[in-house]
Amino acid sequence: MDSDVARTSSVRTAALAGGFVAVLVFVAVAVAGYGLVSGPRRYAEAGNPYPGAFVSAAEPAGYFIASLLGALCLGALLLVVVTARPESDGLIDGPAFRIHLVAERVSLAWVLAAAAMVVIQASHDTGVRAGALLSSGAVFDAIGVSEMARAWIVVAVFALPVAITLRLNTRWLGHAVLLVPTVIGVVATAVTGNAGEGPDHDYATSAAIVFAVAVAGLTGLKAVAALTRTSPNRAVQVLQVGFGALAVTYGGMLLYLLLPDWTFGSDFARLGLIAGALVTVVWLSDCWSLRRALPPFAGTAGALAMVAAVAAIAAMAGQIAPRFLAHRFTGWDVFLGYQLPRPPTVASVLTLWRFDSLLGTAGVVLALAYLAAYVRLRHNGNAWPVGRLVAWLAGCVSLVFTTSSGVRAYGSAVFSMHMAEHMILNMFIPVLLVMGGPVTLALRVLPSAGKEQPPGPREWLTWLLHSRVTAFFSNPIIAFVLFVGSPYVVYFTPVFNTLIRYHWGHEFMAVHFLIVGYLFYWAIIGIDPGPRRLPYPGRIGLLFAVMPFHAFFGIALMTMAEPVGQTFYRSLNLPWLPSIIADQHLGGGIAWSLTEVPVIIVIVALVTQWARQDRKDASRGDRHADSDYADDDLEAYNAMLRELSRMRR
């Protein structure tokens, strides 16, 4: 009987998967048909040579297929992380394993689709037929001039380890870790093209990062849940509502930036409206379902609506945004996205704000979440040190200011300001965030999952804290190597020439320096549980060991004859910056001098912790001594009683 039920379920699942694949093929053919019919007109509007019917149809269809495969991979990983009930050894359970199989198969197809798109995209951007491009041997030259083709290489590079790891690993932790390369693969193509070009592309790039992850997450969650017949729990529903809200908000922001005066007479605008309407309908339905505790809009209808939205976005990706068709580009439009006609002053740094919709929003959300947890803890009658609250909020405010004020605006154009931004993100903000003890606060506030209930955020956080990955990166020696080695790798290799050129590169550097700084100071003065820390003298020694490396880094920048990132800075050609190399020398001085301030803060915090620990140890020793003394008196009294009893006999 059980075998018959299992066989019937397997047949239904296979039929559902077959029907879903058929729909995807139909949508891909429709997208290819649109590309074929509109091809000559689209290439003429953009002023690009026509690469032939095949590339005209294959570029939007391939973009759709590869993007959808990435979304399915992301959704499957999220479903495993959120719904799995791992065994004691970390292996996922049976229902989660069915989702794992989807991720395993989809990830391999994602690699192949991304690899194929490299050539197709290079042909599309250069206007050379794909066959002629392959036979001429000029493929690598075409890829070199196509940012989108290089983005597809990044997708393939990050999707490959995901596919290999999923083939070899079925543990919960492995799926959680694989979310990182999967997100990078999803974002890689979103930050190129329209979002990374022209005026205000700093706003557009940050918005595109959030939008791409939100759309991929929402699409993947719904499609994989439908394919595997998984009934989403409340955590999945909350994720879907959150992704929907982000997609609607940041999608609207992108349309505002890319459509001049909200004109909708172009294919680009009409496709954007279709995608926006579909995502909005799905999001509103999910909000209604979550509010009324109804079955979520996560079945076939919701999945197909999001697939159609992805198809519309793919058709838009190969077109030039209407805002750029009639715009006369300047060097500032290309390299910055905004103008900097005056040199930095205290007033301009404080008043020139370009809010970072990625890191600025993250700072606001982190501050509000911490405040909510603090209020809830106090409402429950539990105490929490006000100093930790102040430290965390100060770190969040510093993050918003550093990434959204004139510090970032000038830091994207001037090396000395960039170095000041780097030092704040790497050495000052992490100190404040670590002293806030966010993990300890979360563990005290988040409820435990009850019996027979799937694991929740508290359990996920606990598993990550005790994982080998966290133990490795939070090891004091590893954290030290990352902390002192990162500046040398970033600034003294060709990596910096690429990162400084694009806004996504600035976002990447900011996130990287924040994480590396947090890991190092977590090992030194961390309040939260996690790494196996050194004794206090060892921590002080490790802290002082950092100073020569940072001093040498600053001195190296001050004594170099050739500026780093010189291609970008010379192309930008700021009229009020007389010497690029002199500005770099100033940046080296900033890197050298700003090291001392956070070190002093950390030393004070470390000595305070050491003194507090000594007092605790002394108090504990006194209690033991008092206990031993009382035991000795009691033993002497009992001995006296025994002696009196013997004498009476």
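When I say cavity today, I mean a set of points, on a 1 Å grid over the protein atoms alone, where a 1.4 Å probe fits but cannot get out, and its lining residues have an atom within 4 Å of a point. Grid points are joined across faces, edges and corners, and a volume is the space filled by probe spheres set on the points.

Hi everyone. What we have here is a predicted model, where local features need pLDDT of at least 70, side-chain atom pairs count only at pLDDT 80 or more, and totals for chains, interfaces and linings use all residues. Residues are numbered from 1 along each chain as its sequence is written, and side-chain values use heavy atoms, with hydrogens and water left out.

Let's start with the cavities. Searching the whole structure turns up 4 of them at 30 Å³ or more. How much space lies in the largest cavity? About 160 Å³. It has 20 lining residues, and Asp202, Tyr338, Arg408, Ser412 and His503 are the closest to its centre.

A quick word on labels: helices are DSSP runs (H or I, at least four residues), numbered from the N terminus. Two or more lining residues of the largest cavity come from each of α8 (201-228), α17 (406-411) and α24 (503-525). α8 gives the largest share, 4 residues. Sorted by class, this lining holds 8 nonpolar, 7 polar and 5 charged residues; here Ala, Val, Leu, Ile, Met, Phe, Trp, Tyr, Cys and Pro count as nonpolar, Asp, Glu, Lys and Arg as charged, and the others, Gly among them, as polar.

The second largest cavity has about 70 Å³. Its lining includes Glu147, His201, Arg501, His503 and Trp504, with α8 and α24 each supplying at least two residues. The classes here are 4 nonpolar, 5 polar and 2 charged.

Now over to helix α15, residues 359-379. Its 21 residues reach 30 Å from first C-alpha to last, close to the 30 Å expected at 1.5 Å a residue, taking 1.5 Å times one less than the number of residues.

Which residues of α15 are buried? Among them are Leu359, Gly363, Tyr370 and Leu377, buried being under 20% relative accessible area and exposed over 50%, with a 1.4 Å probe and protein chains only.

The buried residues of α15 pack against α16 (386-404), α17, α19 (438-445) and α24, with contact meaning heavy atoms within 4.5 Å. Finally, just after α15, Gly381 takes a positive phi of about 90°.

Terms used
1 Å grid on protein atoms, 1.4 Å probe; cavity = no way out; pocket = protein on both sides within 12 Å on 5 of 7 lines; lining within 4 Å.
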